[in-house]
Amino acid sequence: MTDNEHETGRPGRRSPARVIGTPLSDTPFSGTPFSEAVASGIPDAGDVDHGVPAVPGVVPQDERKARRAERIAALCFTLAFATLVAFLVAYVHFQVGGLSATGASHVALGGTLTLALLALAAGIVIWVRQIMPKYELVQQRHPMASPEDVRAEVAATFVRGTGESGIVKRRLLRRTLLLAAAPLGLAPLVLLRDLDSSGVPAAQLHRRLGHTVWGEKTKDGRPLRLVVEGTGQPIRAADFNSPGGILSVVPQGYEHDLNVLAKATVILVKFRPEELKAGTKPNWTHDGIVAYSKICTHVGCPAALYEQTTHHILCPCHQSTFDAADGARVVFGPAARPLPQLPISVDEQGYLIALGDFPAPVGPSYWERGDAEARARENGGHS
């Protein structure tokens, strides 16, 4: 026997088919069907809306407005259904492969899912706010204070505890405890001061962040050479001659200074001259060799993965991708700026050297970065 075939107790009569999710009777709060209640003249039966009785404090919505809101909510649910179907279609249609396909897939999946959730939420809000009745609830306020006997017991417990601890009687313990706790107030100042152990005055700290050692000279006044990271071997331009090759290099004399290498590590990429695009400064290259900062401009991870066919430098942390042939501009991922290019050349012996510092601060953003970039633009691209 199903719900639709439920016996009413009357011979030859069955209850009408009910909607899924509704009670068995037209009026769930009484045993009399709604149609019979109206016909028999039960008070207020005609005012009942789909089985919802008149209850004090419950104000039903205006039926015309409720029906209009019902259509809007239904439209929202239909839109949610359509966009979820579009989400499934986009998942099947957009195959992730190259960067353009991946980007299109992200836009399609994210856009359709966002619209579906927004439409579903809007429909539910309209249903609750404009279709369901309004409730006026009154809650009696009771005194919040504890009874006198409870308060007296707590006070007695506190006094007994202080007496047992001896904090009042034993002055030596009390005073030495306060003496031991006093330095705790100064501990945060010491910890905050220790965040910067460089010894650089605060007024000059932005210059430390905005510059690397590539702008310095050796003891005999020569530009710094580029040496292979790990071995310290200087690099001849004639030896780095295979297009598509990549090297991680550091400044000569600072191979083991981790504080310096955190900002000054560089990647070299070898190109054919015709492969370089307008974003790359040609006078800062040598024979198709280009040097970029290895520090990702997103959060400072080492961007050292290289794809020869597309000339893309990839940061493995958050997949920021830079076009090495076009000034290391961002082509994908969360990074907001290109990798700074290091001006390079060769000395009289043919070794690669740095002509100066990066034109802009390396790595992720900090408070004064915009000022440093503005000064670099004023100086013709040099920081």
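The following legends describe close-up views of a predicted model.

Local features are described where pLDDT is at least 70 and side-chain atom pairs where pLDDT is 80 or more, while totals for chains, interfaces and linings use all residues. Residues are numbered from 1 along each chain as its sequence is written, and side-chain values use heavy atoms, without hydrogens and water.

**View 1. The protein chain contains nine helices and 13 strands.** Helices (H or I, at least four residues) and strands (E, at least two) are DSSP runs, numbered from the N terminus. Of the 383 residues, 28% count as buried, where buried means under 20% relative accessible area, exposed over 50% and partly exposed in between (1.4 Å probe, protein chains only).

**View 2. Five strands form an open sheet in the order β3-β4-β5-β6-β11, with antiparallel pairing.** Two strands pair if DSSP finds at least two bridges between them. Strands β3 and β11 (341-342) are at the edges with a single partner strand each, so one side of each has no neighbour in the sheet. Three bridges connect β3 with β4 (residues 246-251), and Leu 226 stands opposite Pro 251 in β4.

**View 3. The largest nonpolar core has 21 residues.** A nonpolar core is a set of buried Ala, Val, Leu, Ile, Met, Phe, Trp, Tyr and Cys residues joined through side-chain atoms within 4.5 Å. Trp 214, Leu 226, Leu 268 and Leu 342 touch the most other members. Two or more residues each come from β3 (226-228), α8 (258-264), β5 (266-270), β6 (289-293) and β13 (352-354). Beyond its neighbours within four places in sequence, Leu 226 is in contact (heavy atoms within 4.5 Å) with residues including Trp 214, Val 249, Leu 268 and Ile 353. Another core, of 17 residues, lies apart from the largest one and includes Tyr 292, Cys 301, Tyr 306 and Leu 339.

**View 4. Cys 301 and Cys 317 form a disulfide.** A disulfide is a pair of cysteine sulfur atoms within 2.5 Å; here the sulfur atoms are 2.3 Å apart. The link is left-handed, with -105° about the S-S bond. Cys 301 lies in the loop between β6 and β7 (305-307) and Cys 317 in the loop between β8 (312-314) and β9, so the pair ties together parts 16 residues apart in sequence. Cys 301 is buried, at 13% relative accessible area, whereas Cys 317 is partly exposed, at 36%.

**View 5. Strands β9 (residues 321-323) and β10 (residues 329-332) run antiparallel, joined by three bridges.** The two strands form a hairpin with five residues between them. Gly 327 in the turn has a positive phi of about 70°, and Thr 321 stands opposite Phe 332 in β10.
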